[in-house]
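Please open the model in your viewer and keep the selection tool at hand. The tour goes from aromatic rings to a charged side chain and then to a nonpolar core.

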Amino acid sequence: MPPGEGQIIAGAAFSGSSRAFDSHGHLIPVPSYDKFELGAYIEYGVIDWLTLVASPAYDRIRQPAPALSYNGAGESAIGGRIGLYQSDGLVASLQAVLLTPGASFNSAIEPRRAGSIDLRGMIGSNFTIGSAPAFVSAEGGYRFFAQSQPGEWRLDLTFGVRPIEKVLVLLQNFGALQTGASAAFPRSLWDKLQTSLVYDFTPSISGQIGAFFTVAGVNTGRELGPLAALWYRF
C-alpha cells in the first residue's frame, strides 16, 4: 500500500456441513456442525516498502456432543509485508504474520489449533482481457505452529477481472498441506474454492457477496456457505 493509505475489509461468513473427507479423500457422514465467522482484514502503508497487516476474528461453532462447541476469538493475525519489487504490471513481496490460536478449519475432526507464524512470498501481475482490466496473484508459504503441532504448506491463488467499471469478479483458491502427523492431528490437506462479486458504491466503499466450499481434502471437514463483506479504502 502507498504510505499513508490503507483499506479495511470487514465481513461475515456462515458454513454448515454433515460431511468430511476421510483418509482416502472420500466424503463420509459426520455429526453436523455450523460455523459463523466475523472478521476484518486491515492493511496500512507505513513507508514505500512496508505495509502493516492485521486480521482480528470471532468464531461461533456449534457441534453436537461429545464434540466441543466454541464461541470466542478466532484465528487473528498481525504482521507486516515488505515490498521487493513494484512496476506498473508486476509486484513482489514477502510477508510475516503472527497468528493467535483459533478454531481449526478441520473443526469437525481436529481440536483447536495453537498459535503460529506464517511466512510467505507473494507475486501479482496486471493485464487486460480484451478491454477489461484483470490481475492474478499467488502466495506461497509455510505456517509454523507452537506446541509441537505439525506445520502446513500454504498456497493461495486469486484471479480478478472488471467486466464493467464498478464490478470486480473474484475467483480464489486456498490450499493447505500438513507436513507431519500426530494422534491429535493426522496427515491432512484441504483445497477451498471461493467466488465473489465486489461492487464499488463510491471510490472508497465497496460491497462483496460470494460463496465458498471445500472441493477436496484428506482428514478434513468439508465447509460450504455464503459470505458478505464491506470494503473501505482510506
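Rings of Phe, Tyr and Trp, the last taken by its six-membered ring, are counted here as a pair if their centres lie within 6.5 Å. In this predicted model, that rule gives 5 aromatic pairs.

Select Tyr142 and Trp153 to begin: their ring centres are 4.8 Å apart and their planes meet at 70 degrees, so the pair is edge-to-face, planes over 60 degrees apart being classed that way. Tyr142 belongs to strand β9 (residues 132-145) and Trp153 to strand β10 (residues 152-164), so that the pair links distant parts of the chain, 11 residues apart. Tyr142 is buried, at a relative accessible area of 17%.

Now select Lys192 together with Phe212: the charged end of Lys192 sits over the ring of Phe212, at 5.2 Å from the ring centre.

Finally, select Ile9, Leu168, Leu170, Val198, Ala229 and Trp231, the 6 residues of the largest nonpolar core. Strands β11 (167-178) and β15 (224-233) are the elements that give two or more residues to this core. Centre the view on Val198, which, leaving aside neighbours within four places in sequence, has contacts including Lys166, Leu168, Leu170, Gln208 and Trp231.

Notes: Residues numbered from 1 in each chain as written. Predicted model: local features only at pLDDT ≥ 70, side-chain atom pairs only at ≥ 80, totals over all residues. Heavy atoms only, no water. Phe/Tyr/Trp six-rings, centres within 6.5 Å; stacked < 30°, edge-to-face > 60°. Helix = DSSP H or I, 4+ residues; strand = E, 2+ residues; numbered from the N terminus. Buried < 20%, exposed > 50% of the residue type's maximum accessible area, 1.4 Å probe, protein only. Lys NZ or Arg CZ within 6 Å of the ring centre and 35° of its normal. Core = buried A, V, L, I, M, F, W, Y, C linked by side-chain atoms within 4.5 Å. Contact = heavy atoms within 4.5 Å.
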